[in-house]
Amino acid sequence: MSPLTPTEIELRRIHLDLVTPFRTSFGSQTSREILLIGLRTSEGVEGWGECVALIDPVYSPEYVDGVVDVIDRFMAPALFAAGPSRAADVVETLGHFKGHQMAKAALEMAFLDAELRAAGTTFHQRLGANRDRVPSGVSVGIFGTIDELLAAVQGYIDEGYARIKLKIEPGWDIEPVRLVRELIGPETGLQVDANTAYTRADIEHLRRLDEFDLLLIEQPLETDDLLGHRDLARAINTPVCLDESIESFTQAVDAVEIGAAEIINIKPGRVGGYLTAVRIHDMCRAKNIPVWCGGMLETGIGRAANCALASLDGFTLPGDISASTRFYARDIVLEPIAIVDGHVAVPDAPGLGFELDNDFLDSITSSVQRLSP
Ligand code: NPG
């Protein structure tokens, strides 16, 4: 890959309504305010990244206004000062800024898209991945009633999704899981995600999930409670999977080492970028830890990149890579991600694998800020 010299970093905020409210243990979302990063270079190349930060710091400490600030004041100046760079240099250039993984990931992503486009290469070629499609899982929120939940799950089964993930929280766990398992039968993959809603005092309660033959329970305890997850993993049969707790390669190594993570949900935004995500994948593969690709309600930009990432061999469980229509009536890319026979196709266009629908994008843009050296 040839290095590229950034001449402009565009911070574009867009607004997209969700087709249906999405409730998790940390809140209900009805729309997304998404930050996109456009990179332009003196070589005449353009690339795009998508930041997965939410508008509020309720999933992780990052939030959109904070990301904009840290990029504007610190990260963009550092990248301009660094001059010609490859995507693989971005982690190091930004390394002296602590944290802000989602901001870093979005910037690296824009470099990655730009350099892959410049080289006429697809992301999955660069990764050396073999699969041309990956199984698609869907994440199902918390509902007001069981009937609504079952109707939603049936709809996703009818669409062909390969596995179901249920959001759970205290008071919405054993019975919903029991009834969904009855509805979908023993063959369809089922897993649950608590988004940190439980404590160590709930270990006996969570053991009751063992009877439903779940693929995994995701992030039941607080982000920083690695030993609690280790104890839970020892106490229950359902494999314990970490999401929020893994914000870096080192944290992934440690969590696996101590037995706190029997499975890892790899979200590139949360760990500081796709290249770090690949390192975590490689480490897990060497240690026989299954991984799967998480989702953050991405548009077609992030979804395309996630499909390519998930085509690596170590992604042995279906990811949260659903069709664009799961969340959005209209995506910002010309070819929205679609589900066929329970799978999504790995993009085969140069770059991360999407083309923007510029007219639609402009119509949902709430602000554009252009940074230059
Ligand atoms: O398919 O994109 C998707 C959504 C998957 O449930 C999903 N994501 O906790 O993993 C999560 C959750 C999430 C979404 C978290 C948005 C934070 C923001």
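**Aromatic pairs and packing**

Reply: The count comes to 6 aromatic pairs, where rings of Phe, Tyr and Trp (its six-membered ring) pair if their centres lie within 6.5 Å; planes under 30 degrees apart count as stacked, over 60 as edge-to-face and the rest as tilted. This is a predicted model, in which local features need pLDDT of at least 70 and side-chain atom pairs count only at pLDDT 80 or more, while totals for chains, interfaces and linings use all residues. Residues are numbered from 1 along each chain as its sequence is written, and side-chain values use heavy atoms, with hydrogens and water left out.

Me: Why is the pair of Phe-22 and Phe-327 edge-to-face?

Reply: The two ring centres are 5.5 Å apart. The planes stand at 75°, so the pair is edge-to-face.

Me: Which parts of the chain does this pair link, and how many residues apart are they?

Reply: Phe-22 belongs to strand 1 (residues 6-24), helices (H or I, at least four residues) and strands (E, at least two) being DSSP runs numbered from the N terminus. Phe-327 is in the loop between helix 12 (300-310) and strand 12 (343-345). The pair therefore links distant parts of the chain, and the separation is 305 residues.

Me: Is Phe-22 buried or exposed?

Reply: Buried means under 20% relative accessible area, exposed over 50%, and partly exposed in between (1.4 Å probe, protein chains only). Phe-327 has a relative accessible area of 5% and is buried. Phe-22 has 4% relative accessibility, so Phe-22 counts as buried.

Me: How is the aromatic pair of Phe-74 and Phe-97 classed?

Reply: Phe-74 is in helix 1 (residues 64-82), and Phe-97 is in the loop between helix 2 (87-93) and helix 3 (101-119), 23 residues apart. Their rings are 5.8 Å centre to centre. With 55° between the planes, the pair is tilted.

Me: What ring does the charged end of Arg-279 sit over?

Reply: A charge sits over a ring if NZ of Lys or CZ of Arg is within 6 Å of the ring centre and within 35 degrees of the ring normal. Arg-117 lies over the face of Phe-354, at 5.0 Å from the ring centre. For Arg-279 the distance to the ring centre is 4.0 Å, and the ring is that of Phe-249.

**Strands and sheet**

Me: How many bridges join strand 1 to strand 2?

Reply: Two strands pair if DSSP finds at least two bridges between them. Strand 1 and strand 2 (residues 27-41) run antiparallel and form a hairpin with 2 residues between them. Within this pairing, Arg-13 stands opposite Leu-35 in strand 2. The number of bridges is 14.

Me: Which residue in strand 13 does Ile-9 stand opposite?

Reply: Strand 1 is also joined to strand 13 (residues 365-371), antiparallel, by 6 bridges. The residue opposite Ile-9 is Leu-371.

Me: Which are the edge strands of the open sheet?

Reply: The open sheet has 7 strands in the order 5-6-7-8-9-10-11, with parallel pairing. An edge strand here pairs on one side only. The edge strands are strand 5 (137-140) and strand 11 (291-293).

Me: What angle does the direction of helix 5 make with that of strand 6?

Reply: Helix 5 (residues 146-159) packs on the sheet and touches strand 5 and strand 6, contact meaning heavy atoms within 4.5 Å. Axes are lines fitted to C-alpha atoms, for helices over the stretch in contact, and angles run from 0 to 180 degrees between N-to-C directions. The angle with strand 6 is about 155°.

**Domains and a buried residue**

Me: What distance separates the centres of domain 1 and domain 2?

Reply: The chain is divided into domain 1 (6-120 + 355-371) and domain 2 (124-345), with bounds from an automatic or database domain assignment. The contact takes 39 residues from domain 1 and 43 residues from domain 2. Taken over C-alpha atoms, the centres are separated by 23 Å.

Me: What is the relative accessibility of Met-75?

Reply: Met-75 is in helix 1. Beyond its neighbours within four places in sequence, Met-75 is in contact with residues including Leu-94, Phe-97 and Leu-107. Met-75 counts as buried, and its relative accessibility is 0%.
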